[in-house]
Amino acid sequence: MRLVLLGAIWGSSYLFIKIALDGFTPIQVVAGRMVAGAVTLLILLYASKLTLPRTRRVWLLLLFMSAVANVIPFMLITWGEKYISSALASILNSTTPLFTALLAGIFIAAERLTLLRFAGVVLGMLGVTVIVGVDATGGSMPAKLAMVLAAFFYGIGFVFSKRNLTGLGLSPIAIPAGQLLIGSALTVPFAARDAVVVSPSPGLSEILSVIALGVLGTGIAFVIYYRLIRDVGATTASLSIYLIPVFGAVLGRLVLDEKLGWNALAGAVLVVAGIALAEIAARRKGPEVLPAVSS
């Protein structure tokens, strides 16, 4: 049940972004989700009697993590959704595990690419090529590439975290809470500027979408995810990744009447198959590792 709930929360994030963009600028959506997510995680952190990191070194690491795993991909995704459907965005951004497998194979000795895992990456990237390179999908080419680039940055964040934050004894809630605090500090000034210069006029649905995006997709989802890892293991928890494009596509169709071209559906099948192949290869190598996820 929690697997489905997690997939639904992360899959619905793209719908919330699309709705929020009707009343906010992209940077305002990003800042709003990070502030809401940070507040949510801080409440959970202190309710659990845990604390934020206290050393300068860790905060410098979190500054980099916030940039590559939050600010940059959030902006790419949000800007991209101005020009493509939320359904297509969810499919393209679900390529995160493929980039993670590729980057981890290069930079983490214990996760070197096997032939099977590399085949999974190639298959998934073939799916991306089918989606991006065929006109039947519709939408802006730069926006599609922004989604893929966001997935690449998520992969960088995972590998960096694995190399630099694992083993420091930090709470899994404290890490994203610290990242979102930094991300909020980086983006709120620009969001405030847009409030004066652009003067957007959001309605209730746009405001609630930003709150839901932050509280659920950027806050509570992390708690569910890490508890799933604790209870059932990283391999089982990673199954939620397969549900993200499913929920994203279904919600986009039901709520916004979005349509996907044949190439988007065919590409999605190839992407999911590539992720599955890479996951199977990773499991054969032995110990479970924390899979990368996007939100």
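**Aromatic pairs**

I searched the whole structure, which is a predicted model, for aromatic pairs and found six. One of them joins tryptophan 10 and tyrosine 225, an edge-to-face pair with 5.5 Å from centre to centre and 65° between the planes. I looked up where the two partners sit: tryptophan 10 belongs to helix α1 and tyrosine 225 to helix α9 (residues 204–232), so this pair ties together parts that are 215 residues apart in sequence. Both tryptophan 10 and tyrosine 225 are buried.

I then turned to phenylalanine 64 and phenylalanine 160, which form a tilted pair, with 4.5 Å between centres and 45° between the planes. Since phenylalanine 64 lies in helix α3 (residues 56–80) and phenylalanine 160 in helix α7 (residues 141–164), the pair ties together parts that are 96 residues apart in sequence.

Besides the ring pairs, I noted arginine 33, which lies over the face of phenylalanine 74 at 3.7 Å from the ring centre.

I placed serine 13 in helix α1 (residues 2–20), and with a relative accessible area of 1% it is buried.

Which residues does serine 90 touch, not counting residues up to four places away in sequence? I listed Tyr14, Ile244, Pro245, Gly248 and Ala249.

**The bend in helix α8**

I followed helix α8 (residues 174–197) from its first C-alpha to its last and found that its 24 residues reach 35 Å, close to the 34 Å expected at 1.5 Å a residue. The helix bends by about 35° at threonine 187, and proline 189 follows within four residues. After α8 comes serine 199, with a positive phi near 55°.

**Positive phi in two loops**

I kept in mind that most residues other than glycine have a negative phi. Lysine 49 is not a glycine, yet its phi is positive, at about 60°; the residue is placed in the loop between α2 (26–47) and α3, and it counts as exposed because its relative accessibility is 77%. Aspartate 257 also has a positive phi, near 55°, and is found in the loop between α11 (240–256) and α12 (262–284). With 48% relative accessibility, aspartate 257 counts as partly exposed.

**Confidence**

Last, I looked up the confidence of the prediction: the mean pLDDT of the protein is 86, and 90% of its residues reach 70 or more. Over residues 287–293, however, pLDDT stays under 50, and for this stretch the model has 26 contacts beyond four places in sequence. I treat those contacts with caution, because where pLDDT is low, the predicted coordinates should not be read in detail.

Definitions and conventions
Residues numbered from 1 in each chain as written. Predicted model: local features only at pLDDT ≥ 70, side-chain atom pairs only at ≥ 80, totals over all residues. Heavy atoms only, no water. pLDDT = per-residue confidence, 0-100. Contact = heavy atoms within 4.5 Å. Expected span 1.5 Å × (residues − 1). Bend = angle between axes of the 7 residues up to and from the residue. Buried < 20%, exposed > 50% of the residue type's maximum accessible area, 1.4 Å probe, protein only. Phe/Tyr/Trp six-rings, centres within 6.5 Å; stacked < 30°, edge-to-face > 60°. Lys NZ or Arg CZ within 6 Å of the ring centre and 35° of its normal.
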